[in-house]
Amino acid sequence: MRVKSAKFIGSLPFDGFAVGGEFGGDKKMMLKILKWIFNELPENKPRHLLGIGFLEDIPKIIAQGVDTFDCTVPTNYARRGIAFTSKGKIDVFRGRFLKDNNSLDKKCSCQVCQNYTRSYISHLYKSQEITALRLLTEHNLYFFNSYVEKIRRDIKRGKI
Ligand SMILES: [Zn+2]
């Protein structure tokens with residue numbers, strides 16, 4: 001049904017195509033289904049994948065032919081106190097970060113990492129100050145954008 005649908009939709013004069021829905025329950029199957037679908041869509045038109053954006057998935061879906069995607073991961077995780085860093089995720093709302101005067105990520109050049117400490121953001125959260133969520137959201141969005149920028153550079157250099 002996916003192949004049949006992609007053949008039909010791909011034959012219509014749209015400027016681009018969005019793909020979403022059920023992908024078979026696991027990520028391996030998702031990549032397989034994307035391959036089936038993208039084999040049927042015109043290569044010269046952009047392909048958007050709906051709702052997929054865990055960091056570990058991004059290089060794989062791009063390699064499969066996805067041009068753009070959207071996902072709630074950076075903002076959803078921020079609302080739960082999770083910051084993505086070059087060394088993995090950290091839960092800034094945990095008490096131990098109240099005494100941590102490092103930035104969220106030493107390698108990040110976002111304005112949050114340049115101006116605020118983990119301690120301050122953790123304090124904001126303990127004080128039920130919504131600014132904690134805003135700062136984590138801003139950092140996570142910057143982190144994801146930087147991650148994808150690096151992939152774009154690698155594509156231009158022929159590494160991917
Ligand atoms: Zn940052």
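This is a predicted model: local features need pLDDT of at least 70, side-chain atom pairs count only at pLDDT 80 or more; totals for chains, interfaces and linings use all residues.

**Exercise 1.** Describe how strand S4 and strand S5 are arranged relative to each other.

Solution. Strand S4 (residues 82–85) and strand S5 (residues 88–91) are paired in the antiparallel sense over 4 bridges, where pairing requires that DSSP finds at least two bridges between two strands.

Residues are numbered from 1 along each chain as its sequence is written.

**Exercise 2.** Determine the strand order and the pairing sense in the sheet that contains S1, S2 and S3.

Solution. The sheet is open, its 3 strands follow the order S1-S2-S3, and the pairing is parallel. Strand S1 (17–19) and strand S3 (68–69) are the edge strands, each of which pairs on one side only. Strand S2 (residues 47–49) runs parallel to S3 and is joined to it by 2 bridges; histidine 48 has threonine 68 in S3 as its bridge partner.

**Exercise 3.** Characterise the packing of helix H1 against helix H2.

Solution. Begin with the geometry: the axes of H1 (residues 2–10) and H2 (residues 27–38) come within 8 Å and cross at roughly 35°, the axes being lines fitted to C-alpha atoms over the stretch in contact and the angles running from 0 to 180 degrees between N-to-C directions. The contact involves Arg2, Val3 and Ala6 of H1 together with Ile33, Trp36 and Ile37 of H2, contact meaning that C-beta atoms, placed from the backbone, lie within 7 Å. By class, these residues comprise 5 nonpolar, no polar and 1 charged.

**Exercise 4.** Which elements and domains make up the protein, and how spread out is it?

Solution. Count the elements: there are 7 helices and 5 strands, taken as DSSP runs of at least four residues (H or I) and at least two (E), respectively. The radius of gyration, taken over C-alpha atoms, is 19 Å, well over the 15 Å that the globule rule gives for 160 residues, so the protein is more spread out than a compact globule; that rule is 2.2 Å times the number of residues to the power 0.38. The domain assignment gives domain 1 (2–71) and domain 2 (80–146), whose C-alpha centres lie 32 Å apart.

Conventions. Two residues are in contact if their C-beta atoms, placed from the backbone, lie within 7 Å. Ala, Val, Leu, Ile, Met, Phe, Trp, Tyr, Cys and Pro count as nonpolar, Asp, Glu, Lys and Arg as charged, and the others, Gly among them, as polar. Domain bounds come from an automatic or database domain assignment.
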